[in-house]
Number of protein chains: 2
Amino acid sequence: MIFNCAVKTENITVVLNRPKYAGNIGSVARCAKNMGIERLFVVDYSNPDMEAIKKMATHFAADVVENMKYFNRLDEALSDFHYVVGTTSRLGSVRGPVVHPREMAEQIADITQNNKVAILFGPEDAGLTNDELKYCHLLVTIPTSDDLKSINLSHAVMILCYEIFTACTPSPERFTPKLATSAELEGTYDHLKEVFVKIGFINLEKPDYWMTNVRRFLSRTKLFSKEVQIIRGICRSVERSIENKRT
Amino acid sequence: MIFNCAVKTENITVVLNRPKYAGNIGSVARCAKNMGIERLFVVDYSNPDMEAIKKMATHFAADVVENMKYFNRLDEALSDFHYVVGTTSRLGSVRGPVVHPREMAEQIADITQNNKVAILFGPEDAGLTNDELKYCHLLVTIPTSDDLKSINLSHAVMILCYEIFTACTPSPERFTPKLATSAELEGTYDHLKEVFVKIGFINLEKPDYWMTNVRRFLSRTKLFSKEVQIIRGICRSVERSIENKRT
């Protein structure tokens, strides 16, 4: 899987409209920073409980909280943005088409190169009103189970920020050690077969039946070079062990 | 983009190993249920603060909390699972290859059709130890910004559950036979260890070093139930073979 695009996370701001719980604001700061987004606006939250915000942000995201900006009105908060993504859990023809978070991330990747993008979230209980959604260029809905559609605010923020971050990062710092070559594998299978004959594991009437089964799961494994050495070491130990008993 | 969700979420269980904060357990219950996963196991958490758990779960996920199961030991909790996904934020050659959450979801989609899958999370501060990760068939790491790698437990759970929920079925014709349970695998590892001692393969000064290496490639393999029978058959043949030489 190739993740090849370059969202400019410094051009993205999470905007919380009328949040109700200070703890959620702190959690949002941490989640956003986890995913490389460090700008946070809060609208219509007049009496912030900074203790609660800082506690949930943890000291890791203290800088995001310190740089957070407050606005009285949504239109003020959004005035400098070029593109606004609105989140909604309610669907309907009134609201027009909505996209999956993954499609949102793909769509904004380009836009963030030269434009400031806001990701807008409504209050915990009721979400954004139709009147607030009118500022949005794109609506996104997080898919959920029918059994529980109500997602905590900070978890909703995390999912969108994660999708944005994933859209811009190459698949992780993956580390795959050197795989065994075909020659190393065949040498190992031959050695195993010899040992299986010596210990009487292989039924001489159907010698390939068992080898086929063993090869099947070993080949599925994508064995590393050092691992086939371990298997051959086990084979040698079995052989020595039998030889010793003989003498 | 079409999301044709065919992961069997009823076969998935979130397993929290040694969680420290009751509130996180409640949040996890809600997140998992948002994404259709309603089974939650908690390991080594002797004094649950049910008030705090229920508060964060909200009444929406009260049923998940009520049906939650407690275990004293990780091996007990995992014994009935066929496939264990471990989460880790630390990378390195010691831990072997890790995948992106998206790749994890793609990989387990098929497996969940016929097998019980555990998604295992470590404690908030330290994560899973190497000794705990040995139970895992697949390791997954959530990509983060270098500026803040520490993700809150419930948000990590949300990301993985969201990816699972979003995952598409690769192809309907694919069939995965019954995988070995964790108990079958542990029995096999014990048997292998006994044999390794008998044949002198295991260096008694570092008994776990070799077992860790052997476990690593066997657990990567997604062994089927009939395949662990083959391995145990090989073990018995080695044992008989040594016994015969003795008499």
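Trainee: What order do the six strands of the open sheet in chain A come in?
Mentor: This is a predicted model, and in it the order is 3-2-1-5-4-6, with parallel pairing.

Trainee: Which strands stand at the edges?
Mentor: Strand 3 (69-71) and strand 6 (138-140) of chain A. Each has a single partner strand, so one side of each has no neighbour in the sheet.

Trainee: And what does the twist average from one strand to the next?
Mentor: It averages 25°.

Trainee: How many bridges are there between strand 4 and strand 5 of chain A?
Mentor: Four, joining residues 83-87 of strand 4 to residues 117-121 of strand 5 in the parallel sense. As an example, Gly86(A) has Leu120(A) in strand 5 as its bridge partner.

Trainee: Which strands does helix 7 of chain A touch when it packs on the sheet?
Mentor: Strand 1 (12-17), strand 4, strand 5 and strand 6 of chain A. The direction of helix 7 makes about 155° with that of strand 5 of chain A.

Trainee: Let's pick a residue. Where is Leu40(A) found?
Mentor: In strand 2 of chain A, which covers residues 39-43.

Trainee: Is Leu40(A) buried or exposed?
Mentor: Leu40(A) counts as buried, because it has 22 C-beta neighbours inside 10 Å and the cut-off for buried is 20 or more.

Trainee: What is Leu40(A) in contact with, leaving aside neighbours within four places in sequence?
Mentor: Its contacts include Thr13(A), Val14(A), Val28(A), Ala29(A) and Met68(A). Thr13(A) is 27 residues away from Leu40(A) in sequence, yet their C-alpha atoms are 5.6 Å apart.

Trainee: Switching to helices: how do helix 1 and helix 2 of chain A cross?
Mentor: Their axes come within 7 Å and cross at roughly 35°, and the crossing is right-handed. Among the residues that meet there are Ala22(A), Gly23(A) and Arg30(A) from helix 1, with Ala52(A), Lys54(A) and Met56(A) from helix 2. By class, that contact has seven nonpolar, three polar and three charged residues.

Trainee: Last topic, the two chains. How many residues does the contact take from each of chain A and chain B?
Mentor: Chain A puts in 54 residues and chain B 52 residues.

Trainee: Which helix of chain A gives the most to the side that touches chain B?
Mentor: Helix 10, with ten residues. That side of chain A has 24 nonpolar, 19 polar and eleven charged residues.

Key. Residues are numbered from 1 along each chain as its sequence is written. Chains are lettered from A and ligands numbered from 1 in the order in which they are written. This is a predicted model: local features need pLDDT of at least 70, side-chain atom pairs count only at pLDDT 80 or more; totals for chains, interfaces and linings use all residues. Two residues are in contact if their C-beta atoms, placed from the backbone, lie within 7 Å. Helices (H or I, at least four residues) and strands (E, at least two) are DSSP runs, numbered from the N terminus. Ala, Val, Leu, Ile, Met, Phe, Trp, Tyr, Cys and Pro count as nonpolar, Asp, Glu, Lys and Arg as charged, and the others, Gly among them, as polar. Axes are lines fitted to C-alpha atoms, for helices over the stretch in contact, and angles run from 0 to 180 degrees between N-to-C directions. A crossing is left-handed if the near helix is turned anticlockwise from the far one by less than a right angle, and right-handed if clockwise. Two strands pair if DSSP finds at least two bridges between them. A residue is buried if 20 or more other C-beta atoms lie within 10 Å of its own, exposed if 12 or fewer, and partly exposed in between; C-beta atoms are placed from the backbone.
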